[in-house]
Amino acid sequence: MTTHLREVPLAGMNFVLAGAAERGFVPGDPEWINLGQGQPEIGALPGGPERITSVTLEAGDHAYGPVNGTLALRTAVADYYNRTYRPAAGSQYSAANVAIVAGGRLALNRAVAALGAVDVGYMLPDYSAYEDILDRNAPRITPIAVNADSGADAIGRAVADAGLRALLMSNPRNPTGEVIAGDNLRALIDSLRECGCALLIDEFYSHYIYEPDVTGVFGPAERPVSAAEHVTDVDADHVLIFDGLTKNARYPGWRVGWIVGPRDTISVIERVGQAMDGGPSQVVQRAALAALQPSYLDKETAAVRTTFADKRNMTVAGLRAAGIRIDVEPRGTFYVWGSLADMPAPLRTADAFFTAALDRKVITVPGHAFDIDPGSVRSSANSSANSIERGRFDGWVRFSYGPTADSVAIGLQRLQAMVDDYR
């Protein structure tokens, strides 16, 4: 009956939630703790503004809107980048540099669909949704795993050596919480410019940034991180930035995302959108205008960094107390990337840990969800010499501190008890 359909595997959180549902999980069930969730808590935060709960529509909002979004919202997004990252730059973003899209995954799909017949690099580990996005656009594009650590110099060299024409990556990195910022981010953009490689940079966690104080305790960073700060010419540099209100304003249900980049590229993305999705809701875009007011967004994201820095510290401490090894201190996102190497033997694989945690009504994400492999090329016995062997993340788990602090604390207590029982 389904021979006419392609094989679409459950990926990332879909795979995880399917496994949890088999154990009785229902979204919203207070008995379950979802340390796998990819969204932040959505209630009011201490020091933050009131949550937006209503929107007043205009008559035109009932009609189809522009494929790349309304002029008002595109202008608001451009103004945000200019005032936050480029206040003194000679080259400024305008509405023509912005496409509003109904969510981050759709924005990524539009952008990759706009690419020509080029080799596209991707990092490991990285956001699980990239796998199908890249696979769906093959063989027009050729996905290539970049065999490099997360350092800007290493990435730049690997891209140049492979002759890549585009690189897709998240920064801050999902799932590891690593961040490339400051001079390192500038160096990466400069190196990609020199070798003619376009950068497609997913910045959906750009407001979740933490810095250590002199004692090594992590607290909220002064401001977000973005490649926009290091773009020389907004219309000449081949840098596409993906972000939205999903994480940085904590409105995931609105599905408001955007792409910021050279106006010629944004025009092509508009033509892709004409065929792919037809454009975002004007109703949601009107609500988004309120969330992008400087007085609102600056207060909101300051509260986000303060609240989530505290939850970050609690999560790191709780996982380490349970014996989960954290090799790289997370400086961004709301995830901790933990190694199971020091766990009791039955818990040293991500799937075994995941299953055991489900018995405690705690959801985690096995590390192999981020070992992306478009087209299963790296899994093939005939994989090319530059492919990276699969399986090296089978002993890793991603833990989310997206839920409320109380929920995270309960989840950590349950995991501690689980590990203690196995010891």
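This is a predicted model: local features need pLDDT of at least 70, side-chain atom pairs count only at pLDDT 80 or more; totals for chains, interfaces and linings use all residues.
The secondary structure of the protein comprises 12 helices and 14 strands. The C-alpha atoms occupy a box of roughly 60 × 55 × 55 Å along the principal axes. For 423 residues, a compact globule would have a radius of gyration near 22 Å, and the value of 21 Å computed for the protein therefore agrees with a compact globule. Of the 423 residues, 53% are buried. When contacts between residues at least 6 apart in sequence are considered, 77% of them join residues at least 24 apart.

The largest nonpolar core contains 74 residues. Within this core, the residues with the most contacts are Leu-200, Phe-242, Ile-259, Phe-353 and Leu-415. With residues up to four places away in sequence left out, Leu-415 touches Leu-35, Leu-319, Phe-353, Ala-357, Val-362 and Phe-399. Another core, of 53 residues, lies apart from the largest one and includes Ala-76, Ile-144, Val-146 and Ala-154.

Lys-311 belongs to helix α10, which spans residues 294-321. Its relative accessibility is 2%, so Lys-311 counts as buried, the cut-off being under 20%. Beyond four places in sequence, Lys-311 touches Glu-41 and the residues Tyr-401, Gly-402, Pro-403, Thr-404 and Ala-405. Lys-311 and Gly-367 are separated by 56 residues in sequence and by 21 Å in space, C-alpha to C-alpha.

Two glutamates are buried without a salt bridge. Glu-178 is placed in the loop between β5 (166-170) and α6 (182-194). Glu-178 is buried and has no salt bridge, and the nearest side chain of opposite charge, that of Arg-173, is 4.4 Å away. The side chain of Glu-178 does make a polar contact, at 2.8 Å, with the side chain of Thr-176. Outside the four neighbouring places in sequence, Glu-178 touches Ser-150, Asn-171, Pro-172, Arg-173 and Val-328.

Glu-203 is located in the loop between β6 (198-202) and β7 (210-212). Glu-203 is also buried and lacks a salt bridge, with Arg-223, the nearest side chain of opposite charge, 10 Å away. A polar contact of 2.7 Å links the side chain of Glu-203 to the side chain of Ser-226. Not counting residues up to four places away in sequence, Glu-203 touches Asn-171, Val-225, Ser-226, Ala-227, Ile-241, Phe-242 and Asp-243. Among these, Phe-242 is one of the residues with the most contacts inside the largest nonpolar core. Asn-171 is touched by Glu-203 and by Glu-178.

Notes. Residues are numbered from 1 along each chain as its sequence is written. Side-chain values use heavy atoms; hydrogens and water are left out. A nonpolar core is a set of buried Ala, Val, Leu, Ile, Met, Phe, Trp, Tyr and Cys residues joined through side-chain atoms within 4.5 Å. Buried means under 20% relative accessible area, exposed over 50%, partly exposed in between (1.4 Å probe, protein chains only). Contact means heavy atoms within 4.5 Å. Helices (H or I, at least four residues) and strands (E, at least two) are DSSP runs, numbered from the N terminus. Lys and Arg count as positive and Asp and Glu as negative; His and the chain ends are not counted. A salt bridge is a side-chain nitrogen of Lys or Arg within 4 Å of a carboxyl oxygen of Asp or Glu. A polar contact is a pair of N or O atoms within 3.5 Å; within protein, one must be able to donate a hydrogen and the other to accept it, and residues adjacent in sequence count only if both atoms are side-chain atoms. The radius of gyration is taken over C-alpha atoms; the globule rule is 2.2 Å times the number of residues to the power 0.38.
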